[in-house]
Amino acid sequence: MNRDLNIAIIGGGIGGLTAGIALQKAGFSPRIYERAPEFGEVGAGISMSPNATLGLESLGFGDFLNDTANEPLEQRLYHGETGEMLMAIDRRNCRETYHGAYYQLHRADLLGMLIDGFGRENCVMNQSLAGIDSREDGVSLRFEDGHAEEVDIAIAADGLRSVVRDALFDSDPPEFSGHVAWRALVPANKLGTLSVERLNINHLGTGRNIVSYPVRGTDLVNIVALTKADAWAEESWNAKAEKSELTVHYEGWADYVQALLAAIPGDELYRWGLFIRKPLDHWVSGRTALLGDAAHPMLPYMGQGASCAIEDGVILGRAFAAAGSADEALNIYQNTRLERASTLQSESNLGGDRLQAIVPDAFRNTPVKNEDSLGIFAYNPATVPLKK
Ligand SMILES: Cc1cc2nc3c(=O)[nH]c(=O)nc-3n(C[C@H](O)[C@H](O)[C@H](O)COP(=O)(O)OP(=O)(O)OC[C@H]3O[C@@H](n4cnc5c(N)ncnc54)[C@H](O)[C@@H]3O)c2cc1C
């Protein structure tokens, strides 16, 4: 295939950047058009399961991850109120079982790694896509500043509220899922010894849970608290929140949870309404393909949203390397990814209610349906057969 194809990637998040790097490895020179004036990630952690790690390693990031991220020894479930440990899932054996590590790291470190890998010079910042026309022979892009571009291929990695998805695929707006995520990073030295162990800790209660794990070595602890709400009344889908609005959900919970909440700096708590969209039965329209959250947004209960976007990016690069034409490459990408991503999306969306339905008093080492037992980790995007 002609390596001079003009490929535009809309959105420079984890999905867009991974796709860009994978296309570069296949010999193409894509450009990323990003709405924000500067790259930035929320101050929060992220977990990368073996399926994502294997993809990132295939793009040359193995050493960086090994040096920067930590590998949890166990994922532990605790009774929210009593603090009793209910279950420990071994994560030490991920390298042996799946040939890829399970990592926890700071989002800014992951994004920084991808930006350096792709090259800032290949990113056009401050470019918000406003409209798109995708044909059999190319794509017209229109940006909010009024300028327009003609490209051969567009990859839409513009997130859950994708302009491209609305224009070409599905105009149903995202729906509030009833789930709310609260996020903060706290210094580990403000907490007890449990916080600095390489663990992923999840305290459970009916209709809520709270996860914590170390990042930046074990200097910081990432907190994600998940609660329910009947509606999302705020205009913005993520907003600064008062600590008292969060602590009310965890009154009477275990000492470790109280220590986590007390350590959150007053002005550094964020609340996110979690929105969902229906799975699509195709992601390609003309010469445009959806990727990452734009294609398959999912609730974060299995920690698979970014991992799935990374899988997409790696497969997209392999599809372009293997195909004889742009159309064939886009079809291979869609055929190889659609079923896998839709499974991750539906299981993740079920995962929250499943987890929060657990009654801690009755739960003792009962087998759980989680990302591991569902076989989600056993997927290597660098080697999985491509589907023509
Ligand atoms: C609380 C929470 C915890 C999570 N934890 C994990 C986890 O541990 N592991 C995991 O794998 N996943 C996790 N996820 C999911 C993960 O964060 C997302 O799935 C992932 O970031 C999606 O990446 P993306 O690149 O597809 O989209 P985004 O990150 O949304 O990036 C889209 C990019 O496109 C840009 N953009 C948008 N519109 C336009 C436009 N019109 N023109 C130009 N640019 C545009 C945006 O500025 C942005 O840079 C979590 C999510 C939440 C909410």
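The views below all come from a predicted model.

**View 1. The shell of residues around the ligand.** The ligand is surrounded by 31 residues, and the closest are Gly15, Glu34, Arg107, Leu129 and Asp293. By residue class, this shell consists of 12 nonpolar, 13 polar and six charged residues.

View 2. An oxygen atom of the ligand lies 2.8 Å from a backbone N or O atom of Gly15. For Gly303, a backbone N or O atom is found 3.1 Å from an oxygen atom of the ligand. Arg35 places a polar backbone atom 3.1 Å from a nitrogen atom of the ligand. The ligand taken alone exposes 1,000 Å², of which the protein buries 86%.

**View 3. The nonpolar cores.** In soluble globular proteins, nonpolar side chains tend to be buried together. The largest nonpolar core in this model contains 81 residues, and Met48, Leu141 and Phe320 have the most contacts inside it. Beyond its neighbours within four places in sequence, Met48 is in contact with a set of residues including Leu56, Tyr102, Leu110, Ala306 and Ile310. Another core, of 28 residues, lies apart from the largest one; among its members are Ile201, Trp232, Leu246 and Leu269.

View 4. His179 belongs to strand S12. His179 counts as buried because its relative accessible area is 2%, and the limit for a buried residue is under 20%. The side chain of His179 forms a polar contact of 2.6 Å with the side chain of Tyr301. A further polar contact, of 3.3 Å, links the side chains of His179 and Asp353. When neighbours within four places in sequence are left aside, the residues in contact with His179 include Thr227, Lys228, Trp272, Leu299 and Gln356.

**View 5. Gly317 in helix H9.** Gly317 is located in helix H9. With a relative accessibility of 4%, Gly317 is classed as buried. Not counting residues up to four places away in sequence, Gly317 touches Ala22, Leu23 and Ala26. Gly317 and Asp109 are separated by 208 residues in sequence, and their C-alpha atoms are 23 Å apart in space.

Methods:
Residues are numbered from 1 along each chain as its sequence is written. This is a predicted model: local features need pLDDT of at least 70, side-chain atom pairs count only at pLDDT 80 or more; totals for chains, interfaces and linings use all residues. Side-chain values use heavy atoms; hydrogens and water are left out. A residue is near a molecule or strand if one of its heavy atoms lies within 4 Å of it. A polar contact is a pair of N or O atoms within 3.5 Å; within protein, one must be able to donate a hydrogen and the other to accept it, and residues adjacent in sequence count only if both atoms are side-chain atoms. Accessible areas come from the Shrake-Rupley method with a 1.4 Å probe; for residues, only the protein chains shown count as cover. Ala, Val, Leu, Ile, Met, Phe, Trp, Tyr, Cys and Pro count as nonpolar, Asp, Glu, Lys and Arg as charged, and the others, Gly among them, as polar. A nonpolar core is a set of buried Ala, Val, Leu, Ile, Met, Phe, Trp, Tyr and Cys residues joined through side-chain atoms within 4.5 Å. Buried means under 20% relative accessible area, exposed over 50%, partly exposed in between (1.4 Å probe, protein chains only). Contact means heavy atoms within 4.5 Å. Helices (H or I, at least four residues) and strands (E, at least two) are DSSP runs, numbered from the N terminus.
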